[in-house]
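Please view the sequence and the coordinates first, and then read the points below alongside them.

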2 protein chains.
Amino acid sequence: MKRRREDSSSRIELIPVCSLPEITQGTSLARELVTALRREGIALRDGDVVAVTQKIVSKAEGQIVDLRRVAPSPLARRWARRLRADPRQVEVILRETRRVVRLRGRVLIVETRHGFICANAGVDHSNVPGRHWVTCLPKDPDRSARRIAADIRKRLRVRVGAILTDTWGRPWREGQLNFAIGAAGLRVLRDLRGRRDAFGHRLRATVLATADELAAAAGLVMGKTRGVPVVVIRGFAGLVPGSAGRSAVPRATDSARRLLRPAAQDLFR
Amino acid sequence: MKRRREDSSSRIELIPVCSLPEITQGTSLARELVTALRREGIALRDGDVVAVTQKIVSKAEGQIVDLRRVAPSPLARRWARRLRADPRQVEVILRETRRVVRLRGRVLIVETRHGFICANAGVDHSNVPGRHWVTCLPKDPDRSARRIAADIRKRLRVRVGAILTDTWGRPWREGQLNFAIGAAGLRVLRDLRGRRDAFGHRLRATVLATADELAAAAGLVMGKTRGVPVVVIRGFAGLVPGSAGRSAVPRATDSARRLLRPAAQDLFR
């Protein structure tokens, strides 16, 4: 059998990292990650992208709330009745919320203080030890991504990109996808406008959401129950030269905030 | 260096197929694909998923329209003025449309006759030879996917899944993603409800849109201008046992229509 291009560099590989320990506040994520990579025989390379689920970043950064210490406001109580939810959890959601997008049936969709539009402001019970705890999204997920990339660079001398992912629903379609809520060191959008297709036509409207593509791809490997909080994406050629892993002020292309459509240009809010 | 899990079976690989010729009406896609795979030294395996861009399927199935033969209706003329678009193309869009979701500025978002919600009903100029031609979406993308999987099975004796992809925008977020518009032989949704997370909590709302994850992942490799109309996804463990490649009546899990949220349950239309 011919194998001419079998190991073509244009292939992309999604590599699960399975052996991270339980992450708690103050854990150095990068240190644990480097240990796990070594344990699993995965040698990071320049150009790899490390996709990390929001959950372990939130835990490491202490974005975890003990519901027993939350006093729900009257509004939180009222909405909790409507949603048939824990009023303390609704209170935490409201604190993370900039604007309510939809409150219907048992679904609460909000714009978070970061500008993300998702259910329950990303406040979540799953994969948290103990019944009384919930996690919130990291305060600045781009900064978290930059820190992870920078720490890896320091420890391993490789220049990687990093994304933080969370699992959200979306309008019109069933099922949830992983989205990029933070990014560092990679182009979050590939703007093809003005380029030409195979027949020389100019592409008019094509801007690909690369960071969300990476997040969705990582979701294939992460699952939700299987304890794969990190995926290494190898063979992706979209790193920003020179920027990956720097903890300095990010370039515009470094930020997952660019994936947020300005309200004025959004037909759906 | 340890390489204990280096070739772990839980890795996923995205393999571009680059050498397909220009596809025209009546081309046997499966035959050309098999030839291209051989040329590129890629041996399909049981369990691979073949992601195919809608564009070449539309071409092979003759879903391509010569605008010179289209007489725009008065409505198409009026909307074309608003959209600053070719009235003949708007006419083709209207013929593919079940319902207009948004018409604002230069953006026309519709529900297609299949039930997809996307810009311009998927009617598109790009990667079509000649200025006067546009492609429409395949009439029954699930059937197209089933046919591709079945043909591959016949020719190569391997059982693969197949998805058809198209590139769409979405509300709230910038940039486009590849979505699955057709699927065969794989579970399009992974329903984790009732399963338990790492701490034994029951997951309440997690249904992952696997086929869209596969499509988005393929989009990383396809790009839009680089002539990668097919991506082989290897290592994904979600094929439906026994169903892949059958041309018989599909199981419920075979259909990308399951990704369409019923209007009654959709908060956004």
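The axes of helix 3 (residues 74-83) of chain B and helix 4 (residues 87-95) of chain B come within 8 Å and cross at roughly 115°, where axes are lines fitted to C-alpha atoms, for helices over the stretch in contact, and angles run from 0 to 180 degrees between N-to-C directions. The model is predicted, with local features needing pLDDT of at least 70 and side-chain atom pairs counted only at pLDDT 80 or more, while totals for chains, interfaces and linings use all residues. Residues are numbered from 1 along each chain as its sequence is written, and chains are lettered from A and ligands numbered from 1 in the order in which they are written. Helices (H or I, at least four residues) and strands (E, at least two) are DSSP runs, numbered from the N terminus.

**Helix pair within chain B**

- Helix 3 of chain B passes helix 4 of chain B in a right-handed crossing; a crossing is right-handed if the near helix is turned clockwise from the far one by less than a right angle, and left-handed if anticlockwise.
- On the side of helix 3 of chain B the contact is made by L75(B), A76(B), R77(B), W79(B), A80(B) and L83(B), and on the side of helix 4 of chain B by P87(B), V90(B), E91(B) and L94(B), two residues being in contact if their C-beta atoms, placed from the backbone, lie within 7 Å.
- The residues of this contact divide into eight nonpolar, no polar and two charged, where Ala, Val, Leu, Ile, Met, Phe, Trp, Tyr, Cys and Pro count as nonpolar, Asp, Glu, Lys and Arg as charged, and the others, Gly among them, as polar.

**Three-stranded sheet of chain B**

- An open sheet of three strands in chain B has the order 4-5-6 with antiparallel pairing, two strands being paired if DSSP finds at least two bridges between them.
- Strand 4 (97-104) and strand 6 (117-119) of chain B stand at the edges with a single partner strand each, so one side of each is left without a neighbour in the sheet.
- The twist of this sheet averages 25° from one strand to the next.
- Six bridges join strand 4 of chain B to strand 5 (residues 107-112) of chain B, and R102(B) has I109(B) in strand 5 as its bridge partner.

**Helix 6 across the two chains**

- The axes of helix 6 (residues 210-222) of chain A and helix 6 (residues 210-222) of chain B come within 8 Å and cross at roughly 130°, and the crossing is left-handed.
- The contact of these two helices has eight nonpolar, two polar and four charged residues.

- Ten strands form an open sheet of mixed pairing, in the order 9(A)-8(A)-2(A)-12(A)-1(A)-1(B)-12(B)-2(B)-8(B)-9(B).
- Strand 9 (177-184) of chain A and strand 9 (177-184) of chain B stand at the edges of this sheet, each with a single partner strand, so one side of each is left without a neighbour.
- Strand 1 (residues 12-17) and strand 12 (residues 230-234) of chain A pair in the antiparallel sense over five bridges, with I15(A) standing opposite V232(A).

**Domains of chain A**

- Chain A is divided into domain 1 (12-61 + 138-261) and domain 2 (64-136), with bounds that come from an automatic or database domain assignment.
- Ten residues of domain 1 are in contact with nine residues of domain 2.
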